[in-house]
Amino acid sequence: MPSANTQDISVLIVGALLPSLQQAIEASYDATRYWELDEPQAWLAANGNRVRAIITSGGWGASADLIGQLPNLEGIFSFGVGYDSIAVDVARARGVVVTNTPNVLDECVADTAMALILDSLRRLSEAERYVRAGKWAAARFPLATKVGGKRLGVVGLGNIGRAIAIRAQAFGMQIAYHNRNPRAGIDYLYFADLDALIEHSDVLVLAVPGGKATDKLIDARRLALLGGKGYLVNIARGSVVDQPALIHALENGVIAGAGLDVLDGEPQVPDRLLALENLVLLPHLASGTVETREAMGALVWDNLQGWFTGNKRVLTPVE
Ligand code: 8YV
């Protein structure tokens, strides 16, 4: 709740936030809307030394350049679990705390992954387009692929990956996963070798963080390993997939289909992706429910308040 002694603390909001979060911050802090500044460079030159916090999101990020212009920055408080768009190394080297919003979005992101699995294999979006195009009376919609019994390969069995696995298991899928190390206390089939997991899987779901370590992890060679009956589902980051290679694979039957909540270069959508019937495309909405977004906003707020009014105690620092 608003606390009088934060009114003089200058915070920079990088891009538009969830309205309830933005209102709370603007009511309690000396907040600047960075994205509305006519001359951001001039503003930073004049005011950068006052800014003590950046508020951002996984989408807006915080660049090394921006951090470099804020000599008294103490924290970066981000809305979203992924922080690949934030220069965390630069922040860390400066002793700037970075927080994200893990855990509270796991269920909704996993629900979306499961929805993409069901939609891709059962061709639901394609079938809906078929009905709306008036084609039903002329001919039956073609048969789809059964979900139960199929082998799901989870790339990245973190909290979200695990929530996906639990859902998929309830639909009768057989679960296997790849992590750098096997996860303690989990008895899903583990593959130390990603290629071996892909060859084993009918459906591959990507639940790894974005960033350099996973850049184009799924390339043309690995799509070929997934094979002509295989499906790819991505709720992670567009950068994890070599997108031109994926387009080629979908156009040429190298894989059977895909379901994507994220794209490289989003929100731009290449025309060749739009033309594909064997692709379910979502506009990065996996965490996008009222309940989850409010929980994410509350966590950003608690982190911010914890830092400035709670003796620098934040709930979810990026380690
Ligand atoms: C958010 C996300 O929509 O949490 C993440 O990493 O990608 C999504 O939940 C995003 O952070 C908001 O920009």
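Here's a quick briefing on the nonpolar cores and the ligand site. Keep in mind that this is a predicted model. The largest nonpolar core has 50 residues, and it lies between domain 1 and domain 2 because both of them give residues to it.

**The largest core**

- Ile25, Ile55, Phe77, Leu152, Ile164, Met173 and Leu304 are the members that touch the most others in this 50-residue core.
- Helix H5, spanning residues 106-122, is the top contributor, giving 7 residues.
- Domain 1 covers 6-104 + 290-309 and domain 2 covers 106-281; both supply core residues, so the core sits between them.

**Around Leu152**

- Leaving aside residues up to four places away in sequence, Leu152 touches Ile117, Ile164, Ala168, Met173, Gln174, Ile175, Ala176, Ser201, Val203 and Val205.
- Two of those partners, Ile164 and Met173, are also on the list of core members touching the most others.

**A separate core**

**The ligand site**

- Backbone first: a ligand oxygen is 2.8 Å from a polar backbone atom of Gly82, and a ligand oxygen is 3.2 Å from one of Phe79.
- On the side-chain end, an N or O atom of Arg293 is 3.2 Å from an oxygen atom of the ligand.

Definitions and conventions. Residues are numbered from 1 along each chain as its sequence is written. This is a predicted model: local features need pLDDT of at least 70, side-chain atom pairs count only at pLDDT 80 or more; totals for chains, interfaces and linings use all residues. Side-chain values use heavy atoms; hydrogens and water are left out. A nonpolar core is a set of buried Ala, Val, Leu, Ile, Met, Phe, Trp, Tyr and Cys residues joined through side-chain atoms within 4.5 Å. Buried means under 20% relative accessible area, exposed over 50%, partly exposed in between (1.4 Å probe, protein chains only). Helices (H or I, at least four residues) and strands (E, at least two) are DSSP runs, numbered from the N terminus. Domain bounds come from an automatic or database domain assignment. Contact means heavy atoms within 4.5 Å. A polar contact is a pair of N or O atoms within 3.5 Å; within protein, one must be able to donate a hydrogen and the other to accept it, and residues adjacent in sequence count only if both atoms are side-chain atoms.
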